[in-house]
Amino acid sequence: MTLLLATLYQILQMVLVLALAPLLTGWVRLVKARLVGRRGPSVLQPYRDLLRLLRKEVVLARNASWLFRSVPYMMFTAIWLAAGLVPVFTTQLALAPTADLIALIALLGSARFFLALAGMDTGTSFGGIGSSREMMIAALAEPAMLMIVFSVAILVRSTSLAEIADFMMSGAVGLRISLALALIALVMVAIAENARIPIDNPATHLELTMVHEAMVLEYSGRHLALVEAASMLKLLLYMALIACVFAPWGMATAGSGVMAALGGVLVFVTKLAVGGILLALFETSIAKMRVFRVGEFLGGALLLSLLGAIFLYVSRGV
Amino acid sequence: MGLVVSAIAFLFAMAVAGAAAKRLPQASTVVYGGTAGACALIALWAAVGLAGGGPDAALVLPVGLPWIQAHLRADALSAVFLIVVNLGGITASLFGWGYERAHHDSHGASQDGPVLPLYPLFLAGMNMVLIAADAFTFLLSWEFMSLASWLLVLSTHREPETPKAARLYIIMASFGTACLLLAFGVLATAHGDYSFAAMRAHAPEAGAAALVVVLILLGAGSKAGLVPLHVWLPLAHPAAPSHVSALMSGVMTKVAVYAMIRVLFDLLGEPDWWWGGVTMGFGALTAVMGVLYALMQDDVKRLLAYSTVENIGAIVIALGLALVFKAAHTPVIAALALAAALLHVVNHSLFKSLLFFAAGAMLTATGSRDLNRLGGLIHRMPTTAVLALIGAAAISALPPLNGFVGEWLLFQAILNAPALSEWSLKIEIAVVGAALALATALAAACFVRLYGIAFLGRPRSRAAAEAVEVGRAMRLGMAVPAVLCVVLGVLPTPLIRLFEPALRLLVEAGPFDGRAYQPWFWLAPTSAIGNSYNGLIMLVVIALLSVVLVLGIHRKASDRVRWSIPWGCGFDGPDPAAVTQYTASSFGQPIRRAFGSTVFRARDHVEMPAPGDTRPARLSVTWTDPAWLVVVEPLSRAVTWLADRANRLQFMTIRRYLTLMFLALVVLLVMVAVTQR
């Protein structure tokens, strides 16, 4: 019975993240537009964009290989699965024991690995620029992310996301400097991984400053729709991750019933709305940095997270 | 045991056959077939022994020095490495058979020196190291292995870089053996018995043990490629024919890891807490430096050799962790770390062989190892491209492949650091964990670069544009490790189960001790505190989601496809050199700038002609290798200086020679008088 319910919750979660991801992106765009004094498009615009792209034909570069055509599916699946692994409204998910936080990071790493390869497949300069910069950013963001996991895992004694959420909700942690450092570092990593300002600008197509957009420049039609949808899912995933680790309140736990889970969905939507407003506020108040300043930004995140882990190692005689 | 010894004897027979019949067309079939058969036999023996709770077979051969016989013994640890070595031997034989035929076909006769007689000898030497049970047999086999591989490196002596590589290799190999010789000497001082059984029975005192730890890290570390003793490895490994490169990089470095484990965990007795700290520190330095070097290389095989340095670093980190936890009397965590090390030994031998084979296939098809002359091979060599993609993804530790499982276990062991009592170790482990994470992320960048430049994009030379897929034997040689990479990634637990006798032998615990329910398709070690990973379910779910996705998209979306020419900034002629696409150096530029400018003092120089001048602009990159500055140059200066001084001894009068002899006699007599009193 528990397993059946967990499977149902898992399916609901997979559908939920898929349905909410474009809405979140639309919401962030709307708030940003209002902040700079524009009216902005409707929050539903991303859904329309995706549908429009799906209906368009695919234009492929002359020498694109099968890899180029299959990567959108692969990366979308990997990110979709990863988003399905982060508890958003309940910790009772069927797939929770399959992959912990480390596996989740590696899953996102796979998506990036294949997308970077696809960027190089057409043999144009833009793809190469995007791929090489993306891998440079990842080379710093991924270790920072793992160090954040270490900090949290030392406190919770687990890397399983469901257990982390349960533990954080129990309130046994209290306020800790390490957690504050980890939160700052996680936000920095999330900004870099989602190609947001100040690392990258999701709205730009200026070749010298592009990272993510340069990598996917040759995609069109349904492939582009998948790539765009995957980025939206990734933004949602990182917000859900921050919420799950640092603000898991309102989530249903073991034996708390179906109504609690439905309540968890509402709380999650509220959290996303607040997160979207914060992101839009941050993005409108800061300027994009040069590509080679990114190393310092993420190196800072890595050091902060390492510092957090070391604080914990030293302060706790576990 | 008799079976293993006769299989090794058979390898020697194959070497004789190879030497005798190298002119015959069927010789390579016989030698590679026979070698593969002998290897399969040994691997099977070891696997059966491990499945039955660990073999413990000993044999004393009446050969060697008159009062010491040759002791041979295969225990569970030997068996694990026997499987690794001989699995590598089987796939390398398969690939080598095809490789040799391809190279014979294209040139009429082989350009290279005698590979056929040396190849079985190399494998025999590695097998002998693993079953040696006294210091003499061990060192003799070790030297045999080194010399056989050295001669194999020299077999391509017509290439301009080979002599330099071979010279450096022989110097580093002698240095390593000298360190091992001293280490065994210290171990045997107390009792004068050189058999491993006697060393195990009499653990040395603290000072002597410390000396042995340092000597073994230097001696075995120089063979394995620990930074800064790695300098020979990226020169020597690529110089050999590709299947031998695979054996040297994927397998011989593991024999060095075996030597470390044998001495540090088995012969030295109870470890001190700082041994693991030192080992781990070396490992972390090796992992990060190795992959940074790899990112700067344009030569495919040299890049792979540097990546071996990185992976050895990860294995040594795991060994250090296991030592630390063994010293802290937490055997279950030590077993977890050691399982991670052994699993990574197997994994790395698989994907590194696979990638070296792929490099060999590229070399056969295009005649080039230079990344900047490859490109677009995914169209010309479809099977190789798929198999190499599996290898690149596995070595980048992507789930659900095998590289990730080893990394996952290692991180779970690192997360247990709070169980330790020394603060310095706790902080070190946090830093080592960060270094390992950095190395893993950089490795992914490194293999995106390798695969993206070599297989994707447009051809960068005529040879790459006209490449043809390699033969069936070579493809099969690549397919076997590729399939194993997937299988071990999805189902790692049975393999760890198989290795449990070795773990019990070394740390007296297994990684799954105390778990009531242990399904074979689920990876949930005891000390991982409820964490678990399941590659099988992950793979099934990914497959399921993909099907849903493809069906969903194609129900809704347009199926129209139009092929078109991508915008190449105006440079898009048929000449491969005039295409504006990224090169290996340009791909490495962001990372070179972020990391290399401090570590390697890497600098980009742009030579921009004045406006109106039609000369092309040029960008050149310079970088210096700190290991050469710190280790190799002082070492070679010292050797030259010593050689010059020793040279004077050859030009003295008879009177001086007699004086010297007399003085030497006096000194020896004084030493005898002092020590005998």
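## Extent of the interface

In this predicted model, chain A and chain B bury about 7100 Å² between them, 73% of which comes from carbon and sulfur atoms; buried area is the accessible area (1.4 Å probe) that two parts lose on being put together, summed over both. To the contact (heavy atoms within 4.5 Å), chain A contributes 78 residues and chain B 86 residues.

## Basis of the values

Residues are numbered from 1 along each chain as its sequence is written, with chains lettered from A and ligands numbered from 1 in the order in which they are written. The model is predicted, and local features need pLDDT of at least 70, side-chain atom pairs count only at pLDDT 80 or more, and totals for chains, interfaces and linings use all residues, while side-chain values use heavy atoms, without hydrogens and water.

## Salt bridge and elements of chain A

Between the two chains there is 1 salt bridge, defined as a side-chain nitrogen of Lys or Arg within 4 Å of a carboxyl oxygen of Asp or Glu. Glu57(A) and Arg562(B) form a salt bridge, with their closest N and O atoms 2.8 Å apart.

Several elements of chain A, including β1 (58-61), α3 (66-85) and α5 (125-156), each supply at least two residues of the side that touches chain B; helices (H or I, at least four residues) and strands (E, at least two) are DSSP runs, numbered from the N terminus. The largest share of that side, 19 residues, belongs to α5(A).

## Strand pairing across the chains

β1(A) runs parallel to strand β3 (residues 561-564) of chain B, joined by 4 bridges; strands pair if DSSP finds at least two bridges between them. Ala61(A) has Ser564(B) as its bridge partner in β3(B).
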